[in-house]
Every structure is written in C-alpha cells, then in structure tokens.
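Visitor: I have a model open and would like to learn how to read it. Where do we start?

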Amino acid sequence: MILGSHVSMSSPHYVLGSIQEMLSYGANACMIYTGPPQNGRRVPIEKLKIDEAKALLKENHLSMDHVVVHAPYLINLANTLNPQTFANSIELLKNEIIRTDAIGSPYLILHPGSHVNAGSDIGIQSIIQGLNEALDDTQQCTLCLETMAGKGSECGRSFEEIKEMIDGVHSSKIGVCLDTCHIHDAGYDLSDFDHILKMFDDIIGLKYLKVIHLNDSKNSCGARKDRHENLGHGAIGFEKLCQIAHHPLLENIPIILETPYIEKKPPYKEEISMLRNKQFINIK
C-alpha cells in the first residue's frame, strides 16, 4: 500500500522537512505544495533542499515516485470573465510544472476550476484551452485533474466532465486524482466501490487514475459542499474507506489523506496506522 498524507513544506528545510514529517507518520507517500497554496509566492528551486530530501528517501528505500505535488488553489483555468485571471493561471501552472519536475514528483494535482456562473460548458472549454497552453509532452510530471464536489460553480463534479476535459487535451501528460469526499458529496455512493471503479473505467478509463485522496465527509451523499472529515467520523465511514485503501486495483496508486487536524494536531500517524491494521480507533 502506498499510503501517506498532506505534509507541510516550509523554511528552513522545505522538501527535506516534508519527507521528515512523512516518515514520522509511518507513511511511505506524501503530498506537498511547492509554496503557500493560497498564493503564487515561491522560493527559488535551489533553496528547496531537494537533493537532501532524495537522499533521506533513499536511506528509507523510497523515492520521489511516492511524492505528489498539489497546485495552488488560485489557479482557475475555467474563468472566462476575467482574462487576466485566466492568463495568470496559465503562467502559475507552467511554473508549478517546472517546480514539480525539479522536485522529481511524477504527479501534479490541479482543481479544474470554477466557471463563475458563465456555465459549465464554457468553463470546461476554457479549462481545455488553458491545459493545452500549459502542458508540454517534454515535461516529466503528469497533471492530474481532481474530481470535485460540485459546490458553487466548480467544474469536474462528474466523471463525464473530467472525461470531456481529458478528451480535449492534446498532451499525454494528463491523469485524474479521485477524491472520496468530493465524489461522495457530488452524489456517488461509495457503498459499492467496485461499481464506482467500473463507472470510472467505463467513462474515463482506469489508466488515467493516478492518485487517490482518501477523506471522510461531513455531508450526506450529494450535498455538494466539500467538507472533509476524519476517517470514521463522517458519512462515508471507516469500513468503506478502509476497503478502498486496500482495494487490489489501487495497490500501485498513492493514497493521500487530507483529513482535518484534531485540536490543532495532525491525525495522520494514527489514521495511517488504522488503515494499515484495518482497525478503527476513535482518536477524537
């Protein structure tokens, strides 16, 4: 099982510190941002202590293959109402691709974007245009479109919408990150995950599934709200999430937890242990 969580990346240790945090949780995978997720401010690549991070991974018989990068939230390729936002989003995305390749991560995850009331069809076409301007087959990382909950004017709330985006992209460097909280909130019933995977395969194709975000949800199925919950404390439940984590078709796919902190402390060491041991422990 390739299992880990979101980890921080900050001065002075940057990526090295991220790997140290990952190992402290008993994880063999993690997800990082290359800078603050809410803005585009970034320190130079040469300051990120990438070589030191790779050396630490090697000491633990791991590699950057299990390190996933998430793009900043302010990228919105679906915005057709503000041309400057669209242009800035493309430049930010191009820069994140460069940084992800420098780190050596195989995957960069992106929220597709919000159409800001212009309509999903217009938003999706704008996303396709932006991706075709930003992606290049010479890049090393694969850009993974994240499945969304459908709150507000989010694009990517259904497998069909994600498929439409993929079909419009010319580059082969395109994939999908499936978020359990998001698809539950979008209306997909996870009680039969084999059925969900078959739907995904029939509509998109399992070859595109590159990363899993494993989160419980504070909301009922179809609520379209996107509020993550700790494993076993939400509407999906620990048993279903544990079954997903151990699904044989996902054994080579990084599974990343993004569950909330408990009393300002990360719950990831305990939740990772619960999943590995298939045993729920109430940590709240």
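Guide: With one residue and its neighbours. This is a predicted model. Leaving out residues up to four places away in sequence, Tyr107 touches Val68, Val69, Thr100, Cys141, Thr142, Cys144, Lys210, Val211 and Pro254. Tyr107 itself is found in strand S4.

Visitor: How far apart are Tyr107 and Val69 in sequence, and how far in space?

Guide: They are 38 residues apart along the chain, yet their C-alpha atoms are 6.2 Å apart.

Visitor: Is Tyr107 buried or exposed?

Guide: Buried means under 20% relative accessible area. Tyr107 has 17%, so it counts as buried.

Visitor: Next, strand pairing. Which strands does S1 join?

Guide: Strand S1 covers residues 3-6, and 3 bridges join it to strand S10, residues 255-257. That pair runs parallel. Another 3 bridges join S1 to strand S2, residues 29-32, and these two run parallel as well. For landmarks, find Gly4 opposite Ile256 in S10. Then find His6, whose bridge partner in S2 is Met31.

Visitor: What does the chain cross through from S1 to S2?

Guide: Helix H1, residues 14-24. This β-α-β crossover is right-handed.

Visitor: Which residues of H4 are buried, and what covers them?

Guide: Gly123, Ile124, Ser126, Ile127, Ile128, Gly130, Leu131 and Ala134 are buried. Their cover includes helices H3 (83-103) and H5 (159-168). It also includes strands S4 (107-110), S5 (142-146) and S6 (174-179).

Visitor: Now the cores. How many residues has the largest nonpolar core?

Guide: It has 78 residues. Val15, Leu93 and Leu131 have the most contacts inside it. H3 gives the largest share of this core, 6 residues. Take Leu131 as an example: beyond four places in sequence, it touches Leu77, Leu93, Leu110, Leu143, Leu145, Val169 and Ile174. A second, separate core has 11 residues, including Met31, Ile109, Cys177 and Val211.

Visitor: And salt bridges? How many does a search of the whole structure find?

Guide: Side chains of opposite charge can pair when their charged atoms come close. The search finds 9 here. Glu96 and Arg42 form one of them, with their closest N and O atoms 2.9 Å apart. Glu96 lies in helix H3, and Arg42 in the loop between S2 and helix H2 (50-59), so the pair ties together parts that are 54 residues apart in sequence. Both Glu96 and Arg42 are buried.

Visitor: Where do Glu91 and Lys94 lie?

Guide: Both are in helix H3, 3 residues apart, about one turn of the helix. An α-helix has 3.6 residues a turn, so residues three or four places apart point the same way. The side chains of Glu91 and Lys94 meet in a salt bridge at 3.8 Å, N to O. Lys94 counts as partly exposed, at 31% relative accessibility.

Visitor: Which residues are linked in a network of salt bridges?

Guide: Lys151, Glu154 and Asp226. Between Asp226 and Lys151, the N to O distance is 3.6 Å. This pair links distant parts of the chain, 75 residues apart. Asp226 sits in the loop between strands S8 (216-217) and S9 (228-229), Lys151 in the loop between S5 and H5. Lys151 is partly exposed, at 36% relative accessibility.

Terms used: Residues are numbered from 1 along each chain as its sequence is written. This is a predicted model: local features need pLDDT of at least 70, side-chain atom pairs count only at pLDDT 80 or more; totals for chains, interfaces and linings use all residues. Side-chain values use heavy atoms; hydrogens and water are left out. Two strands pair if DSSP finds at least two bridges between them. Helices (H or I, at least four residues) and strands (E, at least two) are DSSP runs, numbered from the N terminus. A crossover is right-handed if, with the strands pointing away from the viewer, the path from the first strand over the helix to the second runs clockwise. Buried means under 20% relative accessible area, exposed over 50%, partly exposed in between (1.4 Å probe, protein chains only). Contact means heavy atoms within 4.5 Å. A nonpolar core is a set of buried Ala, Val, Leu, Ile, Met, Phe, Trp, Tyr and Cys residues joined through side-chain atoms within 4.5 Å. A salt bridge is a side-chain nitrogen of Lys or Arg within 4 Å of a carboxyl oxygen of Asp or Glu.
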